[in-house]
Amino acid sequence: MRITDIQRCEVRPGRLIEWTLSPATVATAKALPEDSRPPAYIQESHIRTARSVREDGLFVPTWLGAAFDIPGRADLDALGEALRGWTLRHETLRSGFRWAGGPGDSIRRFTLDASSVSLHREEVGDFTDAAALAQHLQDRFDTTADALRWPNLIYTAVVRDDCTSVYMAFDHSNVDAYSIHRIPAEIHELYEAGLAGKAVGPEPVSSYVDFCEAERADADRIDADHDIVARWREFIQRCDGRLPSFPVDLGLDPEGGLPTQKFMREMMADAEAAAAFEAYCRPYGGSLVGVLAATALIVQEIGGEPVYRTVVPFHTRVKSQWSESVGWYVGGAPIEIPMSEASDFPSALRTVRAALQANRRLARIPLARVLHLLGADFRPTSPDLYSIVSFVDTRGIPGSEAWTDQKAYGLLRVSYGDQVCAWISRLHEGLWFAGRYPDTDIAQKNLRLYVERLRDIVTGTVGQV
């Protein structure tokens with residue numbers, strides 16, 4: 001599934017239908033008592049950041065979504081039932097948060113019973129212009145899939161005679177990239193069962209809400225003297241008291257506000273080159289190690305920093321029970337790569353492997369908990385606490401072999417931000433690059449240089465094994 005934005009996911013004209021949680025469902029939710037299960041630290045940090053940025057006068061959409069086709073003119077009743085069945089399968093989608101007010105201004109959860117959830121379908125109308133439809137979808141998703149409102153999800157379909165395109169958007173608090181990648185196969189399964197007259201009930205899938213409670217309980221057992229907190233403290237000190245940015249010139253105005261962002265996406269290497277890169281990097285730990293090693297070399301070449309510091313995202317689905325669950329299962333581990341020990345690609349691979357082996361366990365404790373224990377005043381002025389370079393191999397995800405035919409995309413919103421966020425995905429077709437970055441000429445030039453040099457290193461491994 002290629003990561004892109006709504007403008008570049010092959011939106012085509014047609015008749016737009018949308019589904020949202022029904023007024024009756026929303027009314028029931030307003031009267032619900034508190035759910036004792038707390039938000040995950042990453043959820044709470046996300047919501048507080050959204051409020052902080054909003055209070056500074058800026059609306060920064062941060063939704064994630066999915067786009068994919070189903071054949072022919074959809075049976076809207078069957079599609080609606082598939083969407084409702086999928087929503088019931090994943091408890092986090094019927095769970096939300098309220099501000100409790102009072103001392104500490106706490107965030108409290110509420111959760112609907114599955115029996116209380118229904119969808120409201122509305123025919124929006126016909127769109128004959130693809131650009132106008134894409135803009136309408138973006139505006140609608142911005143308004144609805146918003147961290148500071150509930151419900152914060154929306155499902156839509158663009159119906160035509162030859163195929164129907166489904167577009168879904170969620171506030172980030174409910175989903176991560178892996179959750180998004182699983183959507184097309186699950187909706188297709190439910191839809192096809194409905195067409196065939198087979199009742200497919202909500203399968204027992206472990207709840208992200210339960211995970212949030214367990215993870216938070218574990219995180220709350222540690223204190224400021226814990227080894228993981230000490231390691232983060234030292235790392236942040238070496239980053240001049242901040243979390244790391246992408247270490248190249250981005251042309252930012254230190255006195256300016258949060259800049260708008262641009263988006264870059266392209267197929268970076270074909271299947272042969274992706275396989276060669278994986279084979280070359282396998283003795284050192286695989287393609288993730290390779291991407292980080294290459295990045296360390298490239299940013300040192302561009303920016304000249306003697307040490308490459310970054311926070312590496314890792315999934316927190318460490319138990320198989322969470323593998324099919326929709327939620328935001330992501331933690332981060334800090335690594336430092338002294339470039340004196342990484343003069344070429346093989347030595348960079350060895351250095352990155354050692355850093356990941358030493359530090360990966362730090363991702364077990366949510367960073368928001370660590371920052372609270374450090375007493376650091378990271379009042380968020382940007383939706384991104386730090387820059388990331390992420391790698392994921394998607395080929396084992398159910399249904400991935402059909403993504404090209406289904407025109408399946410993972411959607412992200414590009415709006416405002418002062419960081420670089422890059423996602424490299426291993427698809428059946430090769431390596432896909434997607435990145436958002438500040439909209440400055442210098443940032444565009446340096447990110448373009450980064451991608452070209454990364455391509456050179458990847459393709460340079462062909463024939464080397």
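Buried here means under 20% relative accessible area, exposed means over 50%, and partly exposed is whatever falls in between. The model shown in these close-ups is a predicted one.

**View 1. Gly-303, a partly exposed residue of helix α9.** Let's start with one glycine. Gly-303 belongs to helix α9, which covers residues 287–303. Its relative accessible area is 36%, so Gly-303 counts as partly exposed. Leaving aside residues up to four places away in sequence, Gly-303 touches Pro-247 and Val-248. For a sense of distance, take Leu-58: Gly-303 and Leu-58 are 245 residues apart in sequence, and their C-alpha atoms are 30 Å apart in space.

**View 2. The open seven-stranded sheet.** Reading across, the strands come in the order β1-β13-β3-β8-β7-β2-β6, and the pairing is mixed. The edges belong to β1 (2–4) and β6 (119–127), each of which pairs on one side only. On average, neighbouring strands of this sheet are turned by 20° against each other, with direction ignored. As a reminder, strands of a sheet pair through backbone hydrogen bonds, either parallel or antiparallel.

**View 3. Strands β7 and β8, an antiparallel pair.** Zooming in on part of that sheet, we get β7 (residues 153–159) joined to β8 (residues 163–170) by seven bridges. To find your way around, pick out Leu-153 and look for its bridge partner in β8, Phe-170.

**View 4. Strand β15 and its antiparallel partners β9 and β14.** Now for a strand that is well tucked away. Nine of the nine residues of β15 (residues 430–438) are buried, so the strand is largely enclosed by the rest of the structure. Strand β9 (residues 261–270) is joined to β15 by nine bridges. A handy landmark for this pairing is Lys-262, whose bridge partner in β15 is Tyr-437. β14 (residues 421–427) also pairs with β15, over seven bridges.

**View 5. The β14–β15 hairpin.** How many residues sit between β14 and β15 in this hairpin? There are two.

Conventions
Residues numbered from 1 in each chain as written. Predicted model: local features only at pLDDT ≥ 70, side-chain atom pairs only at ≥ 80, totals over all residues. Heavy atoms only, no water. Pairing = 2+ DSSP bridges. Helix = DSSP H or I, 4+ residues; strand = E, 2+ residues; numbered from the N terminus. Axes fitted to C-alpha atoms, helices over the stretch in contact; angles between N-to-C directions. Buried < 20%, exposed > 50% of the residue type's maximum accessible area, 1.4 Å probe, protein only. Contact = heavy atoms within 4.5 Å.
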